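Please keep the structure open as you read.

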Amino acid sequence: MTTPDAVVIGAGPNGLVAANVLADAGWHVVVLEARGVPGGAVRSDRGVHPDYVHDVFSAFYPLAAASPVLRGLRLDRHGLRWRHASHVVAHPLPDGGGAVLDRDLGRTSASLEAFAEGDGAAWEDLHDWWSGFRDDLLESLFTPFPPVRPGLSLAARHGPRETLRLLRTMLLPARRFGEEHFAGEGGRLLVAGNALHADLGPESALGGGLGWLMCMLGQDEGFPVPAGGAGRLTDALVARLRERGGELYCGHPVTEVAVRGGRAVGVRTADGARVPARRAVLADVPPPVLYGRLVAERHLPPAVRPDLRRFQWDFATFKVDWALSRPIPWSFAGARGAGTVHVSDGVDALTRFAAQLATERVPDVPFTVLGQMTTADPDRSPAGTESAWGYTHVPQCVRADAGDDGLAGRWDEREKELFATRVEAGVERLAPGFRSSIVARRVLAPPDLEFLNPALVGGAVNQGTSSLHQQLVLRPFPGGGRPHTPVRDLYLASAGAHPGGGVHGAPGANAARAALGTFRSLRANALRRRVS
């Protein structure tokens, strides 16, 4: 192996995006991945049943479809194809009704109008408002903080009053957002349910903004899936990188970032090998792993370790994969054609669920985000069947069980079975006969997810809470917001950096651009010194 210009730690989506951006600039890049396969949380397999493809972690990609970073990589030239379900999201209710988010604005509007007169028009007004802000807002979210250029553009186009109105809207809790805009339950359900894809309950600041953002992306882009499985997105990123001369080595966990004279000069792997880097090291790992394990404390300012102790993980995740003999028999017809289904009795039930998590109790009635993958992509399982999964949240540290089973967070086989039964009971309540269609299943508790992907510490899929106190310049801790670290030429390229979780590639791209910018500045300074 010739000495690379950059070493990227981790072949998750952000690491692979970072490597591609550097390779586009002519850098020789080596990516080192701890697991035996690339992809991080973007992988698929046939581990549940040989005839069914399941996404092991993430599955739907509205942020990827909207991301200017991933769009710019033109992954369609490397085999990536998007597919869509008939409907984007459905939220069925016990009375047989429900709300539907559809890429057709009129269909979404009609679904919400059924809950209360005027709610359909309110949704259309929100979408019109969003459309005026969309491009500047997305650019602001996906660039390092502070987003000077898109922020100035946004303010110039809309004026200070409307920009402040947008800021207030983004900071609203989901419950308050719903109350301000909708008389009925339908619109409120869509916003609050989408906020809880992260760890923002109905009463959490930012929940309304995130839920609205996800709804509007769903309205515009859908919640697309890669044809053939999530792993095809990873395959496209890897193929593109290799076409540009990048190297990927799996099964090579990095144990140390080598630092000399305050500068990152390479890494050491678990087998004792040293891999030097001429220009930069980029780390697609959670901040506590980077600063707590890979970089020796003597190389960090004294404030880093105390800040690290205050770092807050997002909720742990519990996931069940199902191979089903037939599509799920939802009582609400709108759910049958939806790729994503929210399983909860209403906004108040979401508040109850979030309160149980906040008090470190295992929820007795889990809110489940359910994916109907064959509905979205017919190649995932044989005709007439369904490849499905459901995930929910549990506390990082379990203090008690809100149910009657005495779950203590050990997540042994008994506890996994009992909690999976709760998840399935919620689906059965809204789709009688669901359980009888289960051909095979796989239960992944938080320790299982971390074993399959060490970046998902404690089963946290977003590498840190999405709450306001750990966003923007506070992500991953005060003084953040940019990919630079206290060690020169070492860059944080993971979802632990701004703008956070989701498969959009922004943390990786931001880190790569920061490394390129530093190198160009150093080269320009050297040229000026020679001339003088």
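1. Helices (H or I, at least four residues) and strands (E, at least two) are DSSP runs, numbered from the N terminus. The chain holds 18 helices and 21 strands. This is a predicted model, where local features need pLDDT of at least 70, side-chain atom pairs count only at pLDDT 80 or more, and totals for chains, interfaces and linings use all residues. Residues are numbered from 1 along each chain as its sequence is written, and side-chain values use heavy atoms, with hydrogens and water left out.

2. Have a look at helix H5 (residues 119-142), which gives three residues, the largest share, to a patch of negative charge. The patch gathers Glu 113, Glu 117, Glu 124, Asp 125 and Asp 128 on the surface. For such a patch, residues need over 30% relative accessible area and no salt bridge, and like charges are joined within 9 Å; Asp and Glu count as negative. Asp 128 sits in helix H5 and is exposed (over 50% relative accessible area, 1.4 Å probe, protein chains only), because its value is 51%.

3. Next come the salt bridges, in which a side-chain nitrogen of Lys or Arg lies within 4 Å of a carboxyl oxygen of Asp or Glu. The whole structure has 38 of them. Asp 321 and Arg 442 pair at 2.9 Å, N to O. This pair links distant parts of the chain, strand E14 (residues 316-324) and strand E20 (residues 438-444), 121 residues apart.

4. Is Asp 321 buried or exposed? Asp 321 is buried (under 20%), since its relative accessibility is 0%. Arg 442 is buried too, at 16%.

How values were computed
Patch = residues over 30% accessible without salt bridge, like charges linked within 9 Å, V, L, I, M, F, W, Y side chains within 5 Å. Areas by Shrake-Rupley, 256 points an atom, 1.4 Å probe, with all protein chains shown as cover. Charge placed at Lys NZ, Arg CZ, Asp CG, Glu CD.
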